[in-house]
Amino acid sequence: MRKLKRVFAVSIAAVMAFTFIACGSVDTQSIDDQAAVRGLDEGVGEIYIDDEAIALAGGAASSQAATDACQAVFNLMNQERVARGLSELVWSTALTNAAQVRASEITTKFSHTRPNNSDFWTVDSTVQYGENLAKLYQSADSVYVAWMNSPTHAANIMDAGYKTVGIAICQTSDGSWYWAQEFGY
């Protein structure tokens, strides 16, 4: 019985330690209170593709840790979607390129409006219909938990209409991570 208590205590301590290490501290300023959604009829007949920004983002070097974190969020999202009876999202290179542009842009203006004051979806209007942003989360687990704890961000992640996703991180010179998650049909 004594050994069982010791194993239980060590297990609880390990779970608590992992929670604090993996999730880090919660910064209420790290996630805005609203996710962005573009209506199906918004921008109809107008095509915006910011080729210059996409070309620059396509050449951005990403650390292996950031790449792994994006893949981990993708896996967490799909596990949750399947658990809720939804189809898995498909990784989209076009949305990932748009996400890389947006992740870079939010390092200077944390908003669903781009630095040039155009809508988020004008990076590539042929694919972007929803957007989640976050800053200063340094792990997949912590940003995913934050998004899922926000009703508007969770709604984007669990939207049955979305079929594709792209996720990117821009790391600033001080080591901070800025996240962009773009959704498409």
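This is a predicted model: local features need pLDDT of at least 70, side-chain atom pairs count only at pLDDT 80 or more; totals for chains, interfaces and linings use all residues.
# Notebook: a look inside the fold

I started with Trp147, which is buried, with a relative accessible area of 0%. For me buried means under 20% relative accessible area, exposed means over 50%, and partly exposed is in between (1.4 Å probe, protein chains only).

Residues are numbered from 1 along each chain as its sequence is written, and side-chain values use heavy atoms, with hydrogens and water left out.

**Entry: the whole chain**

I looked up the overall layout next. The protein chain has six helices and five strands. Helices (H or I, at least four residues) and strands (E, at least two) are DSSP runs, numbered from the N terminus. Going along the sequence, I wrote down the pattern α-β-α-α-β-α-β-α-α-β-β.

How much of the chain is buried? Of its 185 residues, 44% count as buried. I also checked contacts (heavy atoms within 4.5 Å). Taking those between residues at least 6 apart in sequence, 74% join residues at least 24 apart. The accessible surface comes to about 9,900 Å², and 58% of that belongs to carbon and sulfur atoms. Those areas come from the Shrake-Rupley method with a 1.4 Å probe; for residues, only the protein chains shown count as cover.

**Entry: helix α5 and Val143**

Then I went to helix α5, residues 140–148, where Val143 sits. The helix is mostly covered, with seven of its nine residues buried. The buried ones in α5 are Ala140, Ser142, Val143, Tyr144, Ala146, Trp147 and Met148.

Is Val143 buried or exposed? Val143 counts as buried, because its relative accessibility is 0%. Which residues does Val143 touch? Not counting residues up to four places away in sequence, I found Val73, Ala134, Tyr137 and Trp179. I also looked up Leu133: Val143 is 10 residues from it in sequence and 9.5 Å from it in space, C-alpha to C-alpha.

**Entry: the cores**

Leaving aside neighbours within four places in sequence, Val73 is in contact with Ala140, Val143, Tyr144, Trp147, Ile167, Trp179 and Gln181.

A nonpolar core here is a set of buried Ala, Val, Leu, Ile, Met, Phe, Trp, Tyr and Cys residues joined through side-chain atoms within 4.5 Å. The largest one has 26 residues, and Val73, Met77, Ile157, Ile167 and Trp179 touch the most other members. The elements giving two or more residues to this core are α3 (64–83), α5, α6 (151–157), β4 and β5. There is also a second, separate core of eight residues, which includes Ile106, Leu133, Ala168 and Ala180. From class: in soluble globular proteins, nonpolar side chains tend to be buried together.

Strand β4 (residues 164–171) is mostly covered, with seven of its eight residues buried. I checked its partners, where two strands pair if DSSP finds at least two bridges between them. Strand β2 (residues 90–91) pairs with β4 in the parallel sense over two bridges, and Val90 stands opposite Thr164 there. On to β5 (residues 177–184): β4 pairs with it in the antiparallel sense over eight bridges. Thr164 turns up again here, with Gly184 in β5 as its bridge partner. The two strands β4 and β5 form a hairpin with five residues between them, and Gly175 in the turn has a positive phi of about 90 degrees.

**Entry: rings**

How many aromatic pairs does the whole structure have? My search turned up six. Rings of Phe, Tyr and Trp (its six-membered ring) pair if their centres lie within 6.5 Å; planes under 30 degrees apart count as stacked, over 60 as edge-to-face and the rest as tilted.

Back to where I began: Trp147 and Trp179 form an edge-to-face pair, 6.2 Å centre to centre, with 85 degrees between the planes. Trp147 lies in helix α5 and Trp179 in strand β5, so the pair ties together parts that are 32 residues apart in sequence. Trp179 counts as buried, because its relative accessibility is 0%.

Tyr162 and Phe183 make a stacked pair, 5.2 Å centre to centre with 20 degrees between the planes. Tyr162 is in the loop between α6 and β4 and Phe183 in strand β5, 21 residues apart. Both are buried.
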